[in-house]
Amino acid sequence: LWAGLFLTQTELAEFLEFAKTKSKEAQLFPMLAFAAHTGARRSEIIRIRIDDIDLEAGSSIIRERKKSRGHRTTRRVPISEFLKTVLQDWLNQHPGGQMLFCWKKGTEEQLSPIHPMMAYEMFRRLVRGSKWDVMRGWHVLRHSFISICAAEGVDQRVLQSWVGHLSAATHKRYTHLIPSREKDILGKVFG
């Protein structure tokens, strides 16, 4: 059951506020915000380069690996106003280098990429002992993004292109309707 967990819009905003105030690593909150507002996978987030972000146009290029084994593909995703602000704040304190998210190794000035296990461990440290501890990892944010967009009526084809789903069957696994949203929809149908 917990593997299928997703957050509502309100819960997602509350989680991001929690992450903003409790994150010990400077790059963690912007990474979480990116996941929550684009539906990008953890592995995609750690591959993003600064040049992949266009704050003026409000979009980002995501470097994929799942679509085509053997060569890289990309997809373009829009960036929300909230995420634009978060990324601008992060870029103002960015430690340098071409990767959007990186970390300084020890006391040296050497920058290192963030590895998937490191991102997972940062996530687990953040939520451990809090009410968010039931969130198993980064995929909850992707799952939440897809579910919220579907509940808000984002066209399935548009949503599939944003998150990189190749088939409607894959996409369907993530698009749960939020129970309160179902009640609102039915209320609109029958007044």
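## The nonpolar core

The largest nonpolar core has 42 residues, and Phe15, Leu32, Trp138 and Leu141 touch the most other members. A nonpolar core here is a set of buried Ala, Val, Leu, Ile, Met, Phe, Trp, Tyr and Cys residues joined through side-chain atoms within 4.5 Å. Buried means under 20% relative accessible area, exposed means over 50%, and partly exposed lies in between (1.4 Å probe, protein chains only). This is a predicted model: local features need pLDDT of at least 70, side-chain atom pairs count only at pLDDT 80 or more, and totals for chains, interfaces and linings use all residues. Residues are numbered from 1 along each chain as its sequence is written, and side-chain values use heavy atoms, leaving out hydrogens and water.

α2 gives the most, with eight residues. A second, separate core has five residues, including Phe145, Ile146, Cys149 and Val163. Helices (H or I, at least four residues) and strands (E, at least two) are DSSP runs, numbered from the N terminus.

## Phe15 and the aromatic rings

Phe15 is buried, at 0% relative accessibility. Leaving aside residues up to four places away in sequence, Phe15 touches Leu7, Leu32, Phe123, Leu126, Val127, Trp132, Met135 and Leu141. Contact means heavy atoms within 4.5 Å. Phe15 also belongs to one aromatic cluster with Phe18, Phe123, Trp132 and Trp138.

There are six aromatic pairs in the structure. Phe15 and Phe18 make a tilted one, 6.3 Å centre to centre with 35° between the planes. Rings of Phe, Tyr and Trp (its six-membered ring) pair if their centres lie within 6.5 Å; planes under 30 degrees apart count as stacked, over 60 as edge-to-face and the rest as tilted. Phe15 and Phe18 are about one helical turn apart because they sit three residues apart in helix α1 (residues 9–22). Phe18 is buried too, with a relative accessible area of 16%.

Trp90 and Phe101 are stacked, because their ring centres are 6.2 Å apart and their planes are at 25°. This pair links distant parts of the chain: Trp90 is in helix α4 (residues 81–93), and Phe101, 11 residues away, is in the loop between α4 and β4 (102–104). Trp90 is buried at 3% relative accessible area, and Phe101 is buried at 0%.

## Helix α6 and its partner

Helix α2 (residues 28–38) packs against helix α6 (residues 139–151) at an angle of about 35°, with the axes 6 Å apart. Axes are lines fitted to C-alpha atoms, for helices over the stretch in contact, and angles run from 0 to 180 degrees between N-to-C directions. From α2 come Leu32, Ala35, Ala36, His37 and Thr38; from α6 come Leu141, Arg142 and Phe145.

α6 is mostly covered, with 11 of its 13 residues buried. Among them are Val140, His143, Ser144 and Ala151. Gly153 follows α6 and has a positive phi, near 90°.

## Two single residues

Where is Glu25 found? Glu25 is in the loop between α1 and α2. Glu25 is buried, with a relative accessible area of 19%. Glu25 touches Met122 and Arg125, not counting residues up to four places away in sequence.

Thr85 lies in helix α4 and is partly exposed, at 46% relative accessible area. The C-alpha atoms of Thr85 and Leu55 are separated by 9.0 Å, with the two residues 30 apart along the chain.
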